[in-house]
Amino acid sequence: MTTSPEEARPVVKPKPGKAGPVMVVLLALMMLWYVFTVILNTPWQKDVFKRADNKDWNMVELVKGTMAQERPVLPAPHQVATEIYKTTVQKKITSKRSLIYHSRITLTTALLGFLLGTLLGIALAVAIIHNRALDKSLMPWIIASQTIPILAIAPMIIVVLNAVGIQGLLPKAFISTYLSFFPVAVGMVKGLRSPESSHLDLLRTYNASPSQIFWKLRLPSALPYLFTSMKIAVAIAMVGAIVGELPTGAVAGLGARLLAGSYYGQTIQIWSALIMASILAALLVTLVGLVGAWVQARFGFRETQLSGKGI
Amino acid sequence: MTAESEQKSDQVISIENLSLTFQTSDAPVHALADIDLQVEQGAFVSLIGPSGCGKTTLLRVIADLETPTSGAISVNGVTPHEARLQRAYGYVFQAASLYPWRNIAKNVALPLEIMSLPKAERERRIKANLELVDLAGFEKKYPWQLSGGMQQRASIARALAVEPALLLMDEPFGALDEIVRDHLNEQLLQLWAKTSKTVVFVTHSIPEAVFLSTHIVVMSPRPGRIHEIIVNDLPAERTLDVRETPEFLQIANRVRAGLRASHSYDDIT
Amino acid sequence: MKSLRGALVLIATVAAAIALIAGLWIGPLISVAAFIALFVSCQCGFSLLRTDPMDANSSVVWQDRAIVIAMLSFGTVFGSYVLLHQLGIFESADSPEPGFAFYSLVVSIWALGWLLVEWLADIDSRRGFVRRILGVVIPVLFGAGLLMLWEVLTRALDVPQVLLPSPSAIAERFGNSLSVLWADFKQTFLKAVLIGYAMGCGSGFLIAILIDRSPFLQRGLLPVGNLVSALPIVGIAPIMVMWFGFDWPSKAAVVVVMTFFPMLVNTISGLAASDHMQLDLMKTYAANYWQNLFKLRLPQAAPFIFNALKINSTLALIGAIVAEFFGTPIVGMGFRISTEVGRMNVDMVWAEIAVAAVAGSCFYGLIALIERMLTFWHPSVRSGR
């Protein structure tokens with residue numbers, strides 16, 4: 001009684017561990033990266049051999065060569081890793097060549113903006129659920145503004161704020177703020193509205209005041225939504241911080257490293273900045289997730305599972 | 001319904017010494033143990049028992065949705081797997097499980113499309129079966145526009161559209177309210193009388209089982225097994241009024257006694 | 001609620017009274033507008049005092065409301081007209097500076113506008129079409145009010161063009177540079193965004209289908225895809241510019257990478273969204289893999305796929321515009337924004353942003369419309385959200 005392969009696939013019942021498959025996928029991606037390194041860098045390497053009048057190069061030499069170029073089309077993973085190691089561990093933190101120095105700037109910007117944006121988003125959400133006029137007039141705009149590429153304003157904000165004398169961290173943080181503000185506001189409004197009417201009715205039978213309803217019911221039930229949108233917000237705050245560093249002319253920060261790298265064709269530098277930014281973003285998202293899980297556990301939620309559609 | 005094997009040709013379902021054990025992380029669960037059951041052509045068999053007694057699992061084994069660990073089972077003289085590939089049965093689930101993106105006619109057409117029937121034949125079967133369950137005129141409605149009872153009737157029409165000789169029903173009316181349920185019970189009985197299909201019907205309602213069935217299989221849990229098979233000798237022509245008769249109550253009492261004897265309430269968690 | 005309205009009425013009244021008195025020296029128009037504003041705000045106040053929240057639906061209250069709304073609309077519109085008119089006078093050479101009266105009137109009209117929105121938001125019609133009209137009218141009023149305030153303040157306060165140009169200045173610039181804007185739109189949206197979007201979403205979808213038969217790969221790719229979706233992928237822009245050159249293909253490539261993962265992750269989740277009963281049903285019909293895919297699992301996945309399409313519509317525009325910051329031929333929305341910002345032509349930047357906003361919301365709206373048509377059956381669409 002075997003099932004023929006053409007048939008409907010039965011659902012996988014128990015949830016097997018993810019670690020194994022994830023490792024395999026990551027390993028496969030790494031292999032793919034190496035393969036592309038060889039393919040993409042081969043023309044240049046052949047050129048190098050030609051110029052050196054080295055006619056009898058063999059395959060091993062070629063492959064080795066493709067992974068040791070100074071400005072490869074695609075640097076090999078280990079080249080990027082070495083570069084990151086060199087620019088983090090072997091450089092002083094205060095040095096302008098230290099990736100940690102640049103990461104810290106971007107990270108501070110992103111976190112400051114994220115914090116402001118989250119507070120603003122929560123405040124606005126609270127105002128919106130308590131005022132019908134705001135709900136009906138402002139909410140549609142907030143939702144609509146999620147569909148437009150607000151990131152495009154970034155250079156203008158930097159330059160305009162520069163013009164009025166605000167410089168440094170704040171203009172960049174503002175970009176992160178308004179980017180992270182929208183998802184938090186929308187998610188929080190959704191969350192504060194999420195209690196079922198029976199739960200609200202129960203509190204009404206106790207003659208609970210609006211503030212009691214807020215603290216005892218609305219806020220706790222909004223927490224899963226809040227943290228889901230905060231994860232989105234922190235990721236986009238990171239993007240905002242990086243993009244915010246572009247128009248100031250590549251002074252400091254990971255975005256500046258990207259831009260400087262692209263000016264001078266320093267691919268290894270671009271890739272290491274990119275990988276660093278990705279690591280930071282992943283850490284931030286994970287951190288927000290962990291804080292969320294901890295807070296929700298304190299409020300007595302079990303593992304929250306919002307629908308796969310997100311918010 | 002006897003275990004006499006010389007009548008095999010008449011048996012739509014024949015189960016001998018069947019067991020099914022689920023492997024879970026902590027301990028194996030004996031969902032079914034030593035099941036012997038013969039279902040004759042044209043019988044209406046109810047499987048009744050408390051939750052966890054394996055009645056749904058047994059139905060799923062017949063439908064080849066579960067694979068038994070040991071024992072023999074044949075449906076229409078072949079394995080359940082072959083029977084499924086021949087589309088030998090119609091299955092009605094606890095919930096209507098209609099596709100919300102298809103209207104009622106299209107939902108009934110679903111199995112017919114999968115069987116690649118010609119369009120004319122599909123149209124004929126849709127019309128005939130919707131009429132059979134009293135849903136003519138609702139072809140263009142979407143499932144969410146109908147009441148729970150109507151949805152379940154549509155899902156019965158969908159099962160009947162396959163034109164199977166065997167109908168497997170898994171608590172089809174469990175989620176409906178009493179009055180709708182009574183009504184559908186009566187309709188189902190008429191349908192069965194009209195079409196002379198074989199029905200295997202899972203329920204946990206005693207009145208429903210007694211009202212509908214020719215045979216009532218009382219099952220008990222841990223491990224899931226057959227406690228008793230009660231033959232229902234009420235006349236085949238039944239109306240809802242039959243439930244007031246002493247004969248009905250007597251059979252119902254036998255079922256209740258069987259259920260009570262089959263397990264003690266202490267071990268219900 | 002009531003205390004907020006009380007405060008607004010108070011602000012409107014006091015401001016109107018000040019404008020009335022101070023305006024006597026400026027001109028009759030301001031005085032008339034201030035008088036009307038004063039009258040309307042007082043009516044609002046009376047109505048507030050009269051209204052008994054317990055029977056808010058009685059016909060008397062309805063009448064009262066209608067009158068107040070009518071008066072508020074008139075007061076706000078007339079007041080706005082006077083303000084704009086007065087602005088024109090101030091900007092002519094030998095005129096007085098906008099004074100105390102003017103700003104008081106601005107405050108009063110602003111408060112009246114807010115009160116109008118408050119009153120309109122109170123209408124709780126059971127009729128669907130009234131509600132839909134209100135759902136459009138209120139936000140539009142709000143947006144118009146904001147534009148109005150922006151216009152009046154930037155012009156009256158003489159805010160430097162570099163800081164914040166007035167909406168009228170932006171509109172003028174928009175009208176004067178239609179050909180440039182169109183060329184940028186063509187370069188960025190019609191080429192980079194649409195092509196990259198189609199390729200990214202298409203490949204994400206296809207890969208999801210391809211690995212559908214391998215639960216192992218799905219378990220591995222789903223967390224990786226989710227993680228990658230959260231990374232600052234726009235950062236690959238400089239690399240793509242190096243690989244694919246300055247023109248639109250490099251931007252399209254960024255868009256492809258940015259849109260690929262959300263689509264992959266959503267399609268995988270969507271294909272897993274069918275419940276056991278539905279899958280069992282298909283099994284009882286002995287449906288084969290493709291029948292199961294096309295008749296059950298893809299329709300079931302449609303809301304997820306559309307979700308990705310919607311997220312990606314915004315991501316694609318962001319990707320293309322930001323990628324242009326890293327180098328382009330001399331056309332494109334991102335190029336225009338970064339160069340005009342450098343030249344301090346902020347009004348042109350705003351015009352370009354307006355194009356981006358309209359393009360973005362239309363793109364999104366179009367996909368949302370198709371979604372409503374195709375997944376009409378889904379509860380979230382049925383409930384009219």
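How many helices and how many strands are there in chain C? Chain C has 15 helices and 0 strands, where helices (H or I, at least four residues) and strands (E, at least two) are DSSP runs numbered from the N terminus.

## Basis of the model

This is a predicted model, in which local features need pLDDT of at least 70 and side-chain atom pairs count only at pLDDT 80 or more, while totals for chains, interfaces and linings use all residues. Residues are numbered from 1 along each chain as its sequence is written, and chains are lettered from A and ligands numbered from 1 in the order in which they are written.

## Chain C

The radius of gyration of chain C, taken over C-alpha atoms, is 28 Å, whereas a compact globule of 385 residues would have a value near 21 Å; the globule rule is 2.2 Å times the number of residues to the power 0.38. Along the principal axes, the C-alpha atoms of chain C fill a box of roughly 85 × 60 × 30 Å. Chain C is divided into domain 1 (2-158) and domain 2 (175-382), with bounds that come from an automatic or database domain assignment. The C-alpha centres of these two domains of chain C lie 43 Å apart.

Of the 385 residues in chain C, 48% are buried. A residue is buried if 20 or more other C-beta atoms lie within 10 Å of its own, exposed if 12 or fewer, and partly exposed in between, with C-beta atoms placed from the backbone. Among contacts in chain C with a separation of 6 or more, 77% are between residues 24 or more positions apart; two residues are in contact if their C-beta atoms, placed from the backbone, lie within 7 Å. Helix α4 (residues 100-122) of chain C has 23 residues and spans 33 Å from its first C-alpha to its last, close to the expected 33 Å, which is 1.5 Å times one less than the number of residues. Burial covers 18 of the 23 residues of α4(C), so that helix is mostly covered.

## Chain B

Chain B has 8 helices and 9 strands. Its radius of gyration is 19 Å, close to the 18 Å that the globule rule gives for 269 residues, so chain B is as compact as a globular protein of that length. The C-alpha atoms of chain B fill a box of roughly 50 × 40 × 40 Å along the principal axes. Buried residues are 46% of the 269 in chain B.

The domain assignment of chain B gives domain 1 (5-88 + 165-262) and domain 2 (99-163). Their C-alpha centres lie 25 Å apart, and 9 residues of domain 1 of chain B are in contact with 9 residues of domain 2 of chain B. Helix α6 (residues 178-195) of chain B gives the most to the domain 1 side, with 3 residues. That side of domain 1 of chain B has 8 nonpolar, no polar and 1 charged residues; Ala, Val, Leu, Ile, Met, Phe, Trp, Tyr, Cys and Pro count as nonpolar, Asp, Glu, Lys and Arg as charged, and the others, Gly among them, as polar.

## Contacts with chain C

Contact between chains A and C takes 54 residues of chain A and 63 residues of chain C. The elements of chain A that give two or more residues to this side are α1 (19-51), α5 (132-145), α6 (154-163), α9 (210-244), α10 (254-264) and α11 (267-298). By class, the side of chain A has 39 nonpolar, 8 polar and 7 charged residues.

Between chains B and C, 17 residues of chain B and 14 residues of chain C take part. On the chain B side, α2 (80-85) and α3 (104-114) give two or more residues, and α3(B) gives the most, with 3 residues. The chain B side divides into 14 nonpolar, 1 polar and 2 charged residues.

## Confidence in chain A

The mean pLDDT of chain A is 79, and 89% of the residues score at least 70; pLDDT is the predictor's confidence in each residue, from 0 to 100. Over residues 1-14 of chain A the pLDDT is below 50, and this stretch has 17 contacts in the model beyond near neighbours in sequence. Residues 303-311 of chain A also stay under 50, with 18 contacts beyond four places in sequence.

## Positive phi

Most residues other than glycine have a negative phi. Asn207(A), not a glycine, has a positive phi of about 60 degrees and sits in the loop between α8 (197-205) and α9 of chain A. Asn207(A) is exposed, with 7 other C-beta atoms within 10 Å.

Glu171(B) has a positive phi near 40 degrees and lies in the loop between β6 (166-170) and α6 of chain B. Glu171(B) is buried, with 20 other C-beta atoms within 10 Å.
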